[in-house]
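Please read the points below with the model open beside you. They go through a few residues and the links between them.

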Amino acid sequence: QVQLQESGPGLVKPSQTLSLTCTVSGGSITTNYYYWTWIRQPPGKGLEWIGYIAYSGGIYYSPSLKSRTSISRDTSKNQFTLQLSSVTPEDTAVYYCARDGTVVAGRYDYWGQGTQVTVSS
């Protein structure tokens, strides 16, 4: 059973960088054809896809967030991270990490529980 767990500060000041880590257990982030994804949900709004780091290490970002986003991984710890720079209150959201298993299973098959991040001074 694959499990994902987000961790990081729950409160970030405007203009600072939001940093979150997703720790994966029960499966390797280098296993073929899985894409390790960050998604967020602002209050009262729908899910917003942020980007992924692939099993191969390839990275793709949402065009709308690309200029502020960095996703990386530590394969020795089986973790991947999100950094979002120059945050504003509009970046307040519940942030999720998830495994995109579309190629293998046709769906996002595992999600973290989500972590609330509030941007406020």
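1. Threonine 69 is buried, with a relative accessible area of 8%. Here buried means under 20% relative accessible area, exposed means over 50%, and partly exposed is in between, with a 1.4 Å probe and protein chains only. Threonine 69 sits in strand β7, residues 69-74. Helices (H or I, at least four residues) and strands (E, at least two) are DSSP runs, numbered from the N terminus. Leaving aside neighbours within four places in sequence, threonine 69 is in contact with Ile50, Tyr61, Leu82, Gln83 and Leu84, where contact means heavy atoms within 4.5 Å. The C-alpha atoms of threonine 69 and tyrosine 52 are separated by 11 Å, and the two residues are 17 apart along the chain.

2. A word on the basis of these values. This is a predicted model, in which local features need pLDDT of at least 70 and side-chain atom pairs count only at pLDDT 80 or more, while totals for chains, interfaces and linings use all residues. Residues are numbered from 1 along each chain as its sequence is written, and side-chain values use heavy atoms, with hydrogens and water left out.

3. Threonine 115 is also a strand residue: it is found in β11, residues 115-119. Is threonine 115 buried or exposed? It is buried, with a relative accessible area of 15%. Apart from neighbours within four places in sequence, the contacts of threonine 115 are Glu6, Leu20, Ala93, Val94 and Tyr95. Leucine 20 is 95 residues from threonine 115 along the chain, and their C-alpha atoms are separated by 9.0 Å.

4. Next, the nonpolar core. Such a core is a set of buried Ala, Val, Leu, Ile, Met, Phe, Trp, Tyr and Cys residues joined through side-chain atoms within 4.5 Å. The largest one has 25 residues, and Leu18, Trp38, Phe80 and Tyr95 touch the most other members. At least two residues of this core come from each of β3 (18-25), β4 (35-41), β5 (48-54), β8 (79-84), β9 (93-100) and β11. Strand β3 gives the most, with 4 residues. In soluble globular proteins, nonpolar side chains tend to be buried together.

5. How many disulfides are there? The count is 1, a disulfide being a pair of cysteine sulfur atoms within 2.5 Å. Cysteine 22 and cysteine 97 form it, with their sulfur atoms 2.1 Å apart. The link of cysteine 22 and cysteine 97 is right-handed, with 65° about the S-S bond. Cysteine 22 lies in strand β3 and cysteine 97 in strand β9, so the pair ties together parts that are 75 residues apart in sequence. Both cysteine 22 and cysteine 97 are buried.

6. The salt bridges come to 4; each is a side-chain nitrogen of Lys or Arg within 4 Å of a carboxyl oxygen of Asp or Glu. Aspartate 91 and arginine 40 meet in one of them, at 2.8 Å, N to O. Aspartate 91 lies in the loop between β8 and β9 and arginine 40 in strand β4, so this pair ties together parts that are 51 residues apart in sequence. Both aspartate 91 and arginine 40 are buried.

7. Aspartate 91 has a relative accessible area of 2%. The side chain of aspartate 91 also meets that of arginine 68 in a salt bridge, at 2.9 Å, N to O. Arginine 68 counts as partly exposed, at 21% relative accessibility. Which residues are linked in a network of salt bridges? They are Arg40, Glu48, Arg68 and Asp91.

8. Arginine 99 forms a salt bridge with aspartate 109, and the closest N and O atoms are 2.7 Å apart. Arginine 99 is in strand β9 and aspartate 109 in strand β10 (residues 108-111), 10 residues apart. Both arginine 99 and aspartate 109 are buried.

9. Most residues other than glycine have a negative phi, and most peptide bonds are trans. Serine 15 has a positive phi, near 80°, and is found in the loop between β2 (11-12) and β3. Serine 15 is exposed, with a relative accessible area of 59%. Serine 86 has a positive phi near 50° and is found in the loop between β8 and β9. At 43% relative accessibility, serine 86 counts as partly exposed.
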